[in-house]
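I opened the model to look up salt bridges and the ligand site. My entries follow.

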Amino acid sequence: MQAKLKLLVLGGGTAGWMTAALLNHHMDKQLFSVCLVESPDIGIIGVGEGSTPQLRTFFATLGIEEITWMKACNATYKNGIRFNQWTKGFSKNSYFHPFPSPTDRQTAGEFLVNCHQRQQGQTLHCDPDSYFLTAQLSEAGKGPLVAPGNPPLPLNYAYHFDSHLLGQFIRDLAVTRGVEHIQGTVAKVECEPNPAIHAIQLEDGQRLKADYFFDCSGFRSLLSQTHLQTPFIAFDDNLFNNAAVAIPTPVATAPLAQTQATALDCGWAWHIPLRNRAGNGYVYSRDFCSADEAETELRTHLGLLDSEVQAKHLQMKVGRVAQTWVGNCVAVGLSQGFIEPLEATALHIVQETIEQFISAFTAGNYTAEHRTQYNQIINARIDGIRDYIVCHYQVSNRVDTEYWRANTSNTTRSASLEQLLHVWRQGGDLTAEINRQNIAQYYPAISWYCLLAGYHHFSKALSSETATQPNEAISAHIARLVGVFSDHSTLITN
Ligand SMILES: Cc1cc2nc3c(=O)[nH]c(=O)nc-3n(C[C@H](O)[C@H](O)[C@H](O)COP(=O)(O)OP(=O)(O)OC[C@H]3O[C@@H](n4cnc5c(N)ncnc54)[C@H](O)[C@@H]3O)c2cc1C
């Protein structure tokens with residue numbers, strides 16, 4: 001009998017365990033074995049508590065009920081993200097970014113038309129909060145599931161979770177299903193020039209050979225960047241944030257099903273409610289404030305100036321490797337790259353990196369035949385997300401600190417984003433441009449319109465941006481729908 005090909009995952013953070021679980025699930029067990037090596041001495045990053053809706057498909061693929069993993073990980077529902085204070089001087093400086101859903105089709109259509117006509121100078125209501133059910137659900141303390149006895153209304157939603165518990169849950173699942181788990185710290189990597197990783201040696205002397213390696217070693221990027229020397233493309237010319245400070249707080253009695261991203265002086269603060277606590281953090285640029293100043297600003301924002309609660313400081317390396325798959329090594333998670341967590345996309349990219357690898361590897365009959373195309377797909381995905389995040393900074397009107405002036409006057413952007421902004425500012429058809437560029441798979445038109453309208457980024461200023469009222473029929477329709485959804489606090493005590 002032919003020996004099985006060995007797939008070795010290096011790193012036991014969320015990226016490592018997600019990778020091991022997906023490989024183990026999808027790859028033919030007659031042909032492949034999966035093992036994961038993690039250091040008992042080097043910890044995981046231990047942040048990353050918000051997801052996109054993609055995490056639903058991760059657990060559905062593995063056949064795990066939502067209620068099971070959510071309970072184990074202190075998870076809550078996430079209807080979307082509320083952005084606060086990213087603009088100044090308007091009567092409303094906050095908007096909600098929904099995950100587009102079939103249920104919103106009718107109201108979203110009117111929103112897009114209104115935005116387009118507003119760009120032509122017409123006085124029409126363009127506040128995204130008025131058009132999307134999940135925005136109103138969040139305000140009303142509701143979750144994304146209808147109350148028992150009501151017909152289902154399909155909504156796209158995501159989650160908040162404890163990242164340590166999530167990693168442990170996936171680890172237990174993967175190990176139960178056959179993933180070999182080895183504890184040990186890598187002391188030496190044996191590389192061949194072609195380039196390929198041949199084996200890794202652990203500090204205890206074990207030598208582990210494998211056919212394919214998945215580098216999930218975090219920001220160290222031990223195999224991909226350190227040993228294979230894959231170039232790293234930094235995104236620091238238009239994403240200035242390179243550090244974070246995190247402080248937990250007690251959870252509110254009725255936590256809202258939304259992430260909050262509130263702009264501060266040198267970055268923005270997240271607020272993520274879990275079942276047992278809230279995660280808070282400040283993502284900022286060390287070029288504009290020190291770690292101590294950032295911690296003080298976050299404590300002030302949270303009302304914790306006199307509190308003894310410990311803060312955790314983190315450095316961030318923002319950008320991506322030039323190629324995700326090099327030789328027989330695939331970089332996944334922080335080892336592959338990182339875009340600041342404004343839209344909580346890191347685990348989404350992990351999932352896509354592995355799923356796309358499995359389809360390319362399988363389609364190529366377990367060879368690297370489709371490697372070039374695979375790398376292009378992954379790079380385009382990461383760059384597409386980057387552009388959307390960059391847009392948040394460049395269409396803000398804030399000029400109240402040096403940090404914000406540097407961001408809002410920065411015109412360094414990709415050709416794709418340049419063209420999108422050009423079309424929008426000319427009053428052109430943004431949806432058609434998104435389709436022409438084939439980038440709706442990264443962020444659909446609704447997301448772009450919500451961002452641009454949410455930041456009041458209209459080229460023709462109206463005398464009063466409060467002059468327009470929401471369409472009454474739409475408001476009544478959404479209010480009716482809100483009534484049939486369950487309270488978020490009920491959903492997360494089940
Ligand atoms: C401030 C901040 C906020 C974030 N928020 C979000 C969010 O809201 N949503 C989201 O999706 N993502 C978020 N992320 C990203 C998210 O935290 C990571 O993508 C995720 O935790 C995966 O990390 P990882 O597994 O790649 O690395 P890590 O968690 O760092 O794990 C690295 C692993 O490699 C092992 N290792 C390293 N070196 C060796 C060695 N020599 N030998 C053996 N083992 C080794 C370590 O032991 C560890 O197990 C955030 C990140 C930051 C910095």
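I started in helix α10 (residues 371-394), where D383 and R386 sit 3 residues apart, about one turn of the helix. Helices here are DSSP runs of H or I with at least four residues, numbered from the N terminus. This is a predicted model: local features need pLDDT of at least 70, side-chain atom pairs count only at pLDDT 80 or more, and totals for chains, interfaces and linings use all residues. Residues are numbered from 1 along each chain as its sequence is written, and side-chain values use heavy atoms, with hydrogens and water left out.

I checked the D383 to R386 salt bridge: the closest N and O atoms are 4.0 Å apart. The rule is a side-chain nitrogen of Lys or Arg within 4 Å of a carboxyl oxygen of Asp or Glu. R386 also bridges to D387, at 3.1 Å.

I looked up burial next (buried is under 20% relative accessible area, exposed over 50%, partly exposed in between; 1.4 Å probe, protein chains only). D383 is buried at 17%. R386 is buried at 14%. D387 is buried at 6%.

I then noted E418 with R413, a salt bridge at 3.0 Å. R413 is buried at 17%, but E418 is partly exposed at 38%. R82, K92, D127, D129 and E139 form a salt-bridge network. My count by this rule is 16 salt bridges.

Last, the ligand. A backbone N or O atom of V186 lies 2.9 Å from a ligand nitrogen.

Notes. Polar contact = N/O pair within 3.5 Å; in protein donor to acceptor, adjacent residues only side chain to side chain. Helix = DSSP H or I, 4+ residues; strand = E, 2+ residues; numbered from the N terminus.
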